[in-house]
Amino acid sequence: MRILTGFLPPTSGQASIDGCDVVEKPLEAKRRLGYLPEVVPLYEDFTAVEYLKFVARLKGVERRKVAAAVDRAITLCAVTAVADRLVRNLSRGYRQRLGLAQAIVHDPPVLILDEPTSAMDPRQIVEIRNVIKGLRGSHTVILSTHILPEATAVCDRVIIINEGKVVAVDTYEQLAARLRSSEKTLVRAARPDGGLTDRLRNLPGVVHVTPGRGPGELMVEAVLGRDLREEIARTIVGSGAGLLELRPLGMSLEDVFLRLVTHEEAPAGATEDRGG
Amino acid sequence: MRGTFVIAQKEVRQIFSSPIAYVALAMFFLIEGYLFFSLVGVYSLQVLQLQGTPPPDFNPTRLIFTPLYQDTTFVLLLLVPVLTMRLVSEEDRAHTMELLATSPVTATAIVLGKYLAVAALFLVLLAISAYMPLSLALIGRLDWGLLAATYLGLVLLGGAFLAVGLFASTLNENQIVSAAIGFALLLIFWILGFAQQTASPGVQPILQALSLATHFSNLAGGIIDTQDVLFFLSLAGFFLFLGVVALESRRWR
């Protein structure tokens, strides 16, 4: 990612932004890029507005358009309230938002955001995600994150990189569908003993029935493409075991990630336990 | 070179919003003021002793201002690394170098912008120091040609010092270490001439040519020699170039 920003040179291969090679035409590539590094690059002695004006000029915004560009970034990133405060007095959340404002101030076609929601409370995270979602369509946004639910919530496409190699590129739904080997359903019953396990196992389509983590929980695995929820419910209710809960287990991005980076070496049960 | 001016503007804003510049200026003028005061004192004592029959080269410019500005160069040796130490080091520490490096400006523009800003501060300092000859000009006659040559020497010397200090600042993210490196480099250039007499005949002219003190004393003596002017200009150019190279080479490390 730092190669794309022009901060590090590539040792091999090519990188280009909006058609501009980062080695051949570094200045053109950088002009088309907005970058929010992991540590937000802020000047403590500046006010938020002064800082944004400087960045706008630095990124090549014309002098007479600077004020408008800064206003736009301030409004988009909701830093209006602290616009005239010194950066050194801003909270972590506002610093992060100012960082995002800095990245979009020159309206670049490509944005690279490194962990944009770190050090934020849940409400701020939602706000920032909404800002990022708002940029979708008009900008290409590359978002790097270790918070996988964030990728699920914000991103259209997911790229999983393990040890420098791209392991998967696809939409989250596609990835999950591709890696799913069975339909899993979690059930919880008040009285799971008394042959309930055997009776579920005998249902057509069921492959495995294993005890779940909590008391009275059972994990029912069926062949791919068959929804057995109705049959399972009928069986449990019919046997008088007292059905308390029944839900299908999808595959979270965590599961997908683990599956991909561990090359499916982990025991099958390890990832399933995380489901839900 | 777009961006040079933007960065210079930002640096000026930062220099004057940090206490370092003010403390450095205050200390500089405290020392200069004391030097000026004592030199004027010695001069007036000599005037009394000579009882109105001065020898031909007895003039206030040579007796007060030539030694004053010789001493000033030594004060600058200590002052300049303090002015330049934060220029790049601080950007590294605050991670703002990542912003500059990923913006559409070249390393040359970054170095030049910073250099221009700190050179502006230095010129302000020199301009203020002109109060010393101007105040004496009210009560006596001064050799303005000699003073102009001396000031040209100070501008050139300062310009070279600042480039060395700026280069030192690119080497490290710790301001104190940057100041120490800058100070050491300047001191090396300063003392190079000390070994002139004892060095072998082959090395002697090289040492003399590299010595800051020799080149400055020519200018401070009222002689504007292109050799000396070029020495300071090329020293400044060389260290600015090293600064640019140091910034660019970071990407490969």
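Which strands of chain A does helix α4 of chain A lie across? Helix α4(A), residues 92-104, lies across β3 and β4 of chain A. The helix runs at about 165° to β3(A). Axes are lines fitted to C-alpha atoms, for helices over the stretch in contact, and angles run from 0 to 180 degrees between N-to-C directions. Helices (H or I, at least four residues) and strands (E, at least two) are DSSP runs, numbered from the N terminus.

This is a predicted model: local features need pLDDT of at least 70, side-chain atom pairs count only at pLDDT 80 or more, and totals for chains, interfaces and linings use all residues. Residues are numbered from 1 along each chain as its sequence is written, while chains are lettered from A and ligands numbered from 1 in the order in which they are written.

Now the sheet. It is open, with three parallel strands of chain A in the order β3-β4-β5; strands pair if DSSP finds at least two bridges between them. β3 (33-36) and β5 (140-144) of chain A each have a single partner strand, so one side of each is left without a neighbour in the sheet. β4(A), residues 110-114, pairs with β5(A) over five bridges. There, A:Asp114 stands opposite A:Ser144.

Next, the contact between chains (C-beta atoms, placed from the backbone, within 7 Å). Chain B gives 17 residues and chain A gives 20. On the chain B side, α1 (4-15) and α5 (97-101) each give two or more residues.

Key
Two residues are in contact if their C-beta atoms, placed from the backbone, lie within 7 Å.
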